[in-house]
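Reader: I have a model open on my screen and would like to go through it with you slowly. Could you take my questions one by one?

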Amino acid sequence: MLEGLGSPASPRAAASTSVVGSSGPAACPPPSAPRCPESPVPRRGGMRASVPQKLAETLSSQYGLIVFVAGLLLLLAWAVHAAGVGKSDLLCFLTALMLLQLLWMLWYVGRSSAHRRLFRLKDTHAGAGWLRGSITLFAVITIILGCLKIGYFIGFSECLSATEGVFPVMHAVHTLLQVYFLWGHAKDIIQSFKTLERFGVIHSVFTNLLLWANGVLNESKHQLNEHKERLITLGFGNITTVLDDHTPQCNCTPPTLCTAISHGIYYLYPFNIEYQILASTMLYVLWKNIGRKVDSHQHQKMQFKSDGVTVGAVLGLTALAATIAVVVVYLIHIGRSKTKSESALIMFYLYAITLLMLMGAAGLAGIRIYRIEEKSLDESKNPARKLDSDLLVGTASGSWLISWGSILAILCAEDHPRYTWYNLPYSILVMVEKYIQNLFIIESIHREPEKLSEDIRTLRVVTVCNGKPVASSCLKSGGVAGDVAPRGRDMPPAAKGNVCMREGCGKEEEKQEESSWGGSPSPVRLPRFLQGNAKRKVLRNIAAFLFLCNISLWIPPAFGCRPEYDNGLEEIVFGFEPWIIVVNLAMPFSIFYRMHAAASLFEVYCNI
């Protein structure tokens, strides 16, 4: 801070004045730019310390993969009725994994409670409040599912093993404690017992993934049985219809209640599947944060604002209501007769084509606004944000696989039913819409949050030396009117307007400043009707509309409306078993994509 323009008030000020020079009322900077401080050279000891951490991370990840592969093999053996492998063996393995995770969570929670007065590092990006609220809702429905399974076990207790009664009880306890653990410790950055904690967290990640795979397999078997029964009504009699029935070989008392319970179980499976995958993602972020060095800046707290999003909310709610109506009509008509099944397929394709076109247009509009604005992106290290981006692209590949299969089947088939030509644009739009939506979401979550209104323009402080303006491009992007004004009030009157702001600047910034003074054209700005608060309202409406549309597109496949199963054309071209394997592998990722995209869009909405 400047002390005045006369004699310096301190030896430090005198030394700085002698270096810069005091020939005039305003001291000009020397021609050579100040050198930026060099980054410190990493010490050899620090490099040695990072080796055991990287080794522990590698060992723990390999342990988790070994457990996951063993569980997948047990699931496959049970699914194909392998000799000597029954459902009780699979449930015993999953119960043992949950018990081991319970012991680790109890140890971690107890150790944290014993040292609760100590300062603990937190990752403010992880474990958002809305995410913990969502996982709590899904956990409640998962516990209800466990209660129904207990009732199912009681009804068929004569011919079911004890493991089928122990498993839902253990799963309910596991769900309760895990939700409590994630509420209290999802943001933790573990700095002690790191090797042990890495094994505990990665074990929890893959335990939840195996529970997710078990739920997907049970739900897929139910859907497959219904699908085989519907194929006959569409005229595909040459396709095998042998049912893969796992119902117990004894009577249930009372039969009406047992039937209602068995149907209710499969309607609740989608929520259980979403709970397991959400829990595994939150635990994976916790695993990535072990031993991590926290960035200096803090994450801005998200705020939910409902004002100014009437258009997006109305359109999104309309799409949601239309989706529910389409699903109800589809499930009523599909499989009743050939005519009704074809009309149900055509209705679904027309509805989906319209909705996907609207979503693609909304995503393109949002990307266009971002491209015109040309705002810098936040490239800081963030495990939660990186995982969101990877999951969006990775899970979208599931529906892309199914869409390409449908396109090839349409092009290669000899006979084309009437509904086939609606399937072609639908399959293309599924790929295009997800591609556009991924671009919009990834760019939105990487943009720096706006702290002030955009009507406040960034001020560039300019020094005046002998009547000529000299650029001092030493202000960073945060230098706005609100930041500079207080300094001017504290300075002496003679110093105002003649200040040379000098910070460490790179050559790249100097070149940009020189080009701006040389008369280079300024970057393209947003239209007047999209500037400031109006732009944020438009982006919020886009995010709200896409959020509700993704919820809408999650409902049909989650509750049995799957034209990829029911049109029968792909089974003719690829064969029944190969196509069913493709759909059963890809459909869970496609369903999870919609829920994950909705969660990401909610975060985008709150940050705009």
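Predicted model: local features only at pLDDT ≥ 70, side-chain atom pairs only at ≥ 80, totals over all residues.

Reader: Let me turn to charges, then: how many salt bridges does a search of the whole structure find?

Author: The search finds 5 salt bridges, and one of them is formed by R562 with E219, where the closest N and O atoms are 3.1 Å apart. Because R562 lies in the loop between α14 and α15 while E219 belongs to helix α6, this pair ties together parts of the chain that are 343 residues apart in sequence.

Reader: Is that pair buried or exposed?

Author: Both R562 and E219 are buried; for R562 the relative accessibility is 2%, and a residue counts as buried when that value is under 20%.

Reader: What else does R562 touch, if I leave aside its neighbours up to four places away in sequence?

Author: Besides E219, the residues that R562 touches are Q223, Y330, P557, M587 and I591. As for its own position, the loop that holds R562 runs between α14 (533-558) and α15 (563-566).

Reader: Which residue does R594 form a salt bridge with, and how far apart are the closest N and O atoms?

Author: R594 pairs with E433, with the closest N and O atoms 3.1 Å apart. R594 sits in helix α17 and E433 in helix α11 (residues 420-445), so here the bridge ties together parts 161 residues apart in sequence. Both R594 and E433 are buried.

Reader: And D390 with K386, where do those two lie?

Author: They both lie in helix α10 (residues 383-412), 4 residues apart, which is about one turn of the helix.

Reader: Changing topic to the rings: how many aromatic pairs does the count come to?

Author: The count comes to 21 aromatic pairs. Among them is the tilted pair of F68 and F206, at 5.6 Å centre to centre with 45 degrees between the planes. This pair links distant parts of the chain, since F68 is in helix α2 (residues 44-79) and F206 in helix α6 (residues 194-231), 138 residues apart. F68 is buried at 18% relative accessible area, and F206 is buried at 11%.

Reader: How are W212 and F589 arranged?

Author: Their rings are edge-to-face, 5.9 Å centre to centre and with 65 degrees between the planes. W212 lies in helix α6 and F589 in helix α17 (residues 576-607), which places them 377 residues apart. W212 is buried at 12% relative accessibility, whereas F589 is partly exposed at 37%.

Reader: Which residues do ring pairs link into a cluster?

Author: That cluster consists of Y330, F348, Y349, Y351 and Y426, and Y330 is also one of the residues touched by R562.

Reader: Last one: which residues make the nonpolar surface patch of about 380 Å²?

Author: The patch is made by V69, L73, L76 and V80. V69 lies in helix α2 and is partly exposed, with a relative accessible area of 45%.

Notes. Residues numbered from 1 in each chain as written. Heavy atoms only, no water. Buried < 20%, exposed > 50% of the residue type's maximum accessible area, 1.4 Å probe, protein only. Contact = heavy atoms within 4.5 Å. Phe/Tyr/Trp six-rings, centres within 6.5 Å; stacked < 30°, edge-to-face > 60°. Patch = residues over 30% accessible without salt bridge, like charges linked within 9 Å, V, L, I, M, F, W, Y side chains within 5 Å. Areas by Shrake-Rupley, 256 points an atom, 1.4 Å probe, with all protein chains shown as cover. Salt bridge = Lys/Arg side-chain N within 4 Å of Asp/Glu carboxyl O.
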